[in-house]
Amino acid sequence: MNLVSVSINELRKLIPVIGKTLTPVIQSEPGCGKTSLLSMLEEDLGDGYDYIYVDCPVKDMSDIAMTIPNHETKSLESYVGSLFKLSSPKPKVILLDEFMKSPKLLQVIFTRLMLERCVGDTPLPKGSIVFATSNNASDGVGDSMLAHAGNRVCIMRMEKPNADSWLKWAGDNGVHSLIRAWVHMFPRCLNSYLDDGQTDNPYIFNPSKPMLSFVSPRSLAKSSVIVDNKEILGENATLVALAGTLGQSCAGDMSAFLQIEKSLPKFESILEKPTEIAMPTEVSALLMLMFQATDALKTQDELSKFMKFVNRMESSELQAVFFTMMVRHKNGMKLVRNNSEISKWAVDNHVLF
């Protein structure tokens, strides 16, 4: 049976709609972007809410609430931790991150928060949203939930971003162009171990082949600082750092890929002589140049000049890759709208879309 799943973009819409009364518990394999949902919701919903991140496995009772003696009334009163910002009247958006890895006693406390929108005995402001994240049970990383609580929340599997969706996000969030080009060349690096035919995939997380470093949307983004500084680090240190972030198999392949950059023409040289400069023959080299261009192009004139270079590529399908990159890039889209060279190419090659 195929497991139903929901995309991260669908969750951005779903959580605010149901999260005020029914708590979504989002599951996926490691490094797929579950935690980033909180910042996405802040971007979507604005400053009408307080946004609260709860790192569940490292919290204890004193972080959530404590009972303090009131000597006047000779009773115990509950004091809520400042983590929940209850001194502010704003409704809250609370992420219980890695909820299923929290200690069992805290799961009881968090369960009341998820079911009744109360921290201890103190209710959240009206309109507050609560959601939780955790890994898939099949990931084998220690996630479990109290049996009586599972039927009272909405447990959903979030699909792992594939190469196409990750590349769009990466282009908008400053991930190095060479990493994006590598992912385009090796899209299986973002397959899921739950997909068919992945037993020999050397890049990805697989609970049957335990390893601490592997390719995920998260580790690819984190490796950007390594590629940014590869000239300072040197070849060996770059390889070792990539292996420690992305795993040995990916590091070897990516390092070999990065060596191609040394033989590429400079971006500025392409703009100076787009119809004369030597055209690389390897697809990987052309992809590198196109991904670099999506980040570097700033004006209509630069785009028009680079399009003259792109039009010299023998493969119209490869040209279409650059067109798609520009359309999906947050800055590139502004240039594409009013560029005559792009418009002409799109008309001449409309059959490709």
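This is a predicted model: local features need pLDDT of at least 70, side-chain atom pairs count only at pLDDT 80 or more; totals for chains, interfaces and linings use all residues.
Let me start with a term: a residue is buried when its relative accessible area is under 20%. Keep that in mind.

First topic, strand β5. It covers residues 92–97. How many of the residues of β5 are buried? The count is 6 of the 6, so the strand is largely enclosed by the rest of the structure. Look at the two faces. Lys92, Ile94 and Leu96 lie on one side, and they are buried. Val93, Leu95 and Asp97 lie on the other, and they are buried as well. Both faces of β5 are covered, then.

Now the partners of β5. Strand β2, residues 50–55, pairs with β5 in the parallel sense. That pairing runs over 6 bridges. Within it, aspartate 50 sits opposite lysine 92 of β5. Strand β8, residues 129–135, also pairs with β5, again in the parallel sense, over 4 bridges. There, leucine 96 faces alanine 132 of β8.

Next topic, two helices. Find α16, residues 316–328, and α18, residues 340–348. Their axes come within 12 Å. At what angle do they cross? Roughly 135 degrees. The crossing is left-handed.

Which residues meet there? From α16, Ser316, Gln319, Ala320 and Phe323. From α18, Ile342, Trp345 and Ala346. By type, the contact of α16 with α18 has 5 nonpolar residues, 2 polar and no charged.

Definitions and conventions:
Residues are numbered from 1 along each chain as its sequence is written. Side-chain values use heavy atoms; hydrogens and water are left out. Buried means under 20% relative accessible area, exposed over 50%, partly exposed in between (1.4 Å probe, protein chains only). Two strands pair if DSSP finds at least two bridges between them. Axes are lines fitted to C-alpha atoms, for helices over the stretch in contact, and angles run from 0 to 180 degrees between N-to-C directions. A crossing is left-handed if the near helix is turned anticlockwise from the far one by less than a right angle, and right-handed if clockwise. Contact means heavy atoms within 4.5 Å. Ala, Val, Leu, Ile, Met, Phe, Trp, Tyr, Cys and Pro count as nonpolar, Asp, Glu, Lys and Arg as charged, and the others, Gly among them, as polar.
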